[in-house]
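Here are some questions and answers on a structure. Please read each one with the model in view.

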Amino acid sequence: MTPDRGATPTPLLQVNDLVKHFPVRGRGPAQMLRAVDGVSFTVNAGETVGVVGESGCGKSTVARLVVGLTKPTSGSVLVEGGDIWARGKEGAERRRRMQMVFQNPTGSMNPRRTVGDAVAEPLQVLRAPGIRAKVEETLSLVGLKPEMADRMPHEMSGGQQQRAAIARAMISNPALVVHDESVASLDISLQAQILNLLVDLQDRLGTAYLFISHDLAAVQAISHRVVVMYLGEVVESATAVEFAARPLHPYSVALRRAALLPDPEIEQSRVEVGLTGDVPSPLNPPSGCRFRTRCPYAEQKCADEKPALRPAQDGHYVACHFAGIATATTALEGAS
Amino acid sequence: MIRPALTRLASLFGVLLVVSMLVFFLGSLIPGDLASVIVGHEGATPEQFERVRRELGLDQPLIVQYLNWLGNAVTGDFGTSPITAREVSADIAQQFPVSLELALLCLVTSTVIGVPVGIKAAVSNKGWVDAAMRASLLVMFSVPVFVVGILLLLFASAFAPDLFNVTYVPWQQDLVGNLRSMALPVATITLPFAAMTMQMTRSATLEVLSDPYITTARAVGVKRRRVHYVHALRNALPPVVTFLGFQFGVMMGGLLVVEQIFSLPGLGRGMLDAINNRDYPSVTAITMVFAAVFVVVNAAIDLLYPVLDPRQRSR
Amino acid sequence: MERLNPADAGPETRANVLTVTDLQTAFPTRRGTVRAVDGVSFDVREGETLGLVGESGSGKSVTAMSILRLVAAPGRIESGRIELAGQDVLALEGEELRRVRGSIAGMVFQNPMTALNPSFTVGWQLMEALRAHGVRDPEELQRRVEQALAAVGMPDPARQLDTYPHQMSGGMRQRVVIAMGMINEPRLLIADEPTTALDVTIQAQVLNLMKRLTREHGTALLLITHNMGVIARMCDRVAVMYAGEIVEEALVRTLFSAPKHPYTSGLLRSIPRADHGRGKVPTMTGFPPDMAAPPSGCRFADRCPYVVDACLSDRPALVEVESAHKTRCLRVQELGGSVADLTVRGVA
Ligand SMILES: Nc1ncnc2c1ncn2[C@@H]1O[C@H](COP(=O)(O)OP(=O)(O)OP(=O)(O)O)[C@@H](O)[C@H]1O
Ligand SMILES: Nc1ncnc2c1ncn2[C@@H]1O[C@H](COP(=O)(O)OP(=O)(O)OP(=O)(O)O)[C@@H](O)[C@H]1O
Ligand code: SF4
Ligand code: SF4
Ligand SMILES: [Mg+2]
Ligand SMILES: [Mg+2]
């Protein structure tokens, strides 16, 4: 069930059948919003796993569950084999090995504290000797001048703020950093700068990333493996190389097609229409395969029977009764 | 729609119950009781005193007294006033319409002035119109109500003595006469309330005016006035209406200065007299009426919210 | 509908719907005047789609808002000329200006969640757009609104009339916003980041829709975006903005295959692609200049790999270096194709 690399030792992060339901109070009876509904994946040390999917598919909820900001309804998050919600110090210790970077650089920092204080926050001691040196070292690591420690957040540009947020996540030497849309609010050129910075840091420090984004191109640029989510479930998971060449789930293929390429030759001769319709409500997801309301290949079986996430080949997992049907019948333009 | 209304109603009674307890038990802390008011301090023998107490049930434990009172109150019986020797509920039945009329008239006039002026001020934000309006607001606020009231009274009696009635005329008797007796009191308090409404409308409208859909409306060619008075106002309305409801509650309970100056036999004056005379049953009863008005107005606004803001409605 | 579809005519013979000349729009701020749009000139021809790209803060939205004089105070159009279907927009007053809005040029805004009024039904808002331009007959209002909703692919248009915006998904709302922009059959549609707030699969639907509608009605489109993929998909021509100026303007294919301005080339290189695997993307270093105190020479100088001394002191002009290809760079002649070469190599 868990898409990992077979014989490897205990992965850094193991997410097992994670479920998070939110009770929603409307007028009328309370309903359950199935934000995350049985998600499993692993992240190995030093590796980047990218999670893509459309708005509301549960990416941020997964992020918050992984770093322990919320407790799951059921399922578990294991760090090096140990549950992050284990009682006492052990659990807390495991949660502390993970850090998170959020989308909005402005909102994630206290406007009344200096950048240096914000960055030092995960160390949990502020005025100890050596902290200042550590802060400055980390700031230069992410390409900021050490003097920036004395600035207030609003005295920095958006790109600089996001670098500072990354510095804050990296300062405690975490084993894993979860990025929830950390480049989404940035300009193209800044986005590229930050993506490169992340690759650099990983090469140097061996930090693993869980990189969450709705932007497939950004995910492809940074990830070793890619996980595709739809309506609270994982529908496909593969190595980035394999996924770039051969996405198998009809939804993944649609995502790929919808991602526009910066190339007028390809784009202007594009004829096919993408997916129709909207993502259904997670309050009341479709029976069987949740993608069937928008899937061009849906058949009766898809409504009756939920497709399990199963290996299509080594390290490539798909949850579709007819995996590969989309790629088989239509050639993907622009695939290199 | 039904269920929330019922829950609302239940909590409404809950609030009233708590208020009644507070009023009753806090009132009992005041030295002296009803018996001492009735019998008077001098010349009463302890026996007389005790007899009155027994008749009134004041010798029983406080909780029993409260339950008795509550039992009567729910049937509309608040006891008899030791001062007027009339049923308290009968007094209130006379005072309530006066205060209600005064409050309603004030609400209408202050809204009719406050809302358009508030929008105008918001639209000309930081322009001279806005500045002038905000300055006059300060002036209106800083002159005490009784000064305005007495001045108006003096002017009216000096220049147009026939235009206004100085004594209260019930509207059932003579509608025009009634309005003539209400004109001055209403004029006295309209402006300060209008000033508050204006301020509230201004800030609510300002907030809305910077919303993107206002730009959308302008970009599609909707007329300026219509953008302000239809597109923007509709969205500024919920906070303004909440505020107006609050104001109405204040007006019902807090116009005693005006009622005193213009000798209007309303609740405010009734309360003032009752307190001066230590007329416990009336004080308790009028307080309950004030509380009930507040609670009902609040509940009404809550129920109105979905009407004003479609996002509050269920699908 | 009687109008001849201008898209059928060759690009050269088409007339301009919009001509912007030397536009300057400024905001007084505490730190001094910000010239958000500083001498911008471009034109949009009948039926064509012109893309306006550039980084955040480069002045794209302010340009768009200036065209219909919707720049919010204290922002002010300081100088320039805007000619919209033969009318001098900056000379229009009151009612005249209002009549131009929506009927000659319509607008579509970025965020479908906030662009519609939450207190009125979708039908009312669309009718309001028609009423603003003199349609009074209730039956005609109803018919045209239903038509407009059907045209944007809304299922069951008659029923949608009584729907409130919050009852619709983002994609559906953006369709309504587009319907509103198009309902008075304008000659030009100005769309400011129309799909940025949408999911990719919904973005594809909305872009297809806009492409189809503008084709069918011969509407010209000024499409503002920072997404190069959207530009590639939608546009005939592209203007690139940087720090309040247009730095390059070319036919879309030319721009992508042979950019002449170092900024354009840097921008193209730094885009990660969905069909590429893991790896670093070449980046531009640095940030755009502070618009309260822009550099006196070339505004891209401190990030430009080709910068020479002259760039720091002389402000380059936008020159037509080839037919239909304008660039604002002092070294454009000597650099020649090397700017573009870098682009191609960067991708590999
Ligand atoms: N605290 C909460 N209470 C109720 N529902 C919630 C809560 N948090 C998230 N949800 C719902 O759970 C679903 C998944 O939300 P989540 O934020 O994880 O999505 P996402 O994939 O991150 O989307 P986006 O791309 O928009 O950030 C959504 O339908 C959301 O409305
Ligand atoms: N109301 C305002 N007051 C002061 N400066 C403003 C105001 N509106 C815009 N600006 C400035 O004008 C410049 C251009 O802004 P504009 O919104 O046109 O950028 P943009 O290219 O549309 O960017 P984005 O891609 O982020 O939408 C920015 O530097 C911004 O700071
Ligand atoms: S299981 Fe059926 S509906 Fe689901 S993706 Fe596969 S083909 Fe489509
Ligand atoms: S003018 Fe100079 S600095 Fe500016 S783009 Fe050209 S080469 Fe670069
Ligand atoms: Mg999210
Ligand atoms: Mg913009």
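Q: Which strand and which helix of chain A each supply at least two residues of the shell around ligand 1?
A: This is a predicted model, in which local features need pLDDT of at least 70, side-chain atom pairs count only at pLDDT 80 or more, and totals for chains, interfaces and linings use all residues; side-chain values use heavy atoms, with hydrogens and water left out. Residues are numbered from 1 along each chain as its sequence is written, while chains are lettered from A and ligands numbered from 1 in the order in which they are written. Helices (H or I, at least four residues) and strands (E, at least two) are DSSP runs, numbered from the N terminus. A residue belongs to the shell if one of its heavy atoms lies within 4 Å of the ligand, and the two elements are strand E2 (31–43) and helix H1 (59–66) of chain A.

Q: How many residues does H1(A) give to the shell around ligand 1?
A: The shell around ligand 1 has 13 residues, and the closest include Lys59(A) and Ser60(A). H1(A) gives the most, with three residues.

Q: What share of ligand 1 does the protein bury?
A: Polar contacts are pairs of N or O atoms within 3.5 Å; within protein, one must be able to donate a hydrogen and the other to accept it, and residues adjacent in sequence count only if both atoms are side-chain atoms. A polar side-chain atom of Thr61(A) lies 2.5 Å from an oxygen atom of ligand 1. Accessible areas come from the Shrake-Rupley method with a 1.4 Å probe, and for residues only the protein chains shown count as cover. Taken alone, ligand 1 exposes 630 Å², of which the protein buries 62%.

Q: Which residue of chain C has a polar side-chain atom 2.6 Å from an oxygen atom of ligand 2?
A: The residues around ligand 2 include Ser56(C), Ser58(C) and Val62(C). Val62(C) has a backbone N or O atom 2.9 Å from an oxygen atom of ligand 2, and Ser58(C) has one at 3.3 Å. The polar side-chain atom at 2.6 Å belongs to Ser56(C).

Q: Where in chain B is confidence lowest?
A: The predictor's confidence in each residue is pLDDT, from 0 to 100. Chain B averages 82, and 93% of the residues score at least 70. Where pLDDT is low, the predicted coordinates should not be read in detail. The highest mean, 94, is in helix H9 (residues 212–219) of chain B, and the lowest, 66, is in helix H2 (residues 34–39) of chain B.
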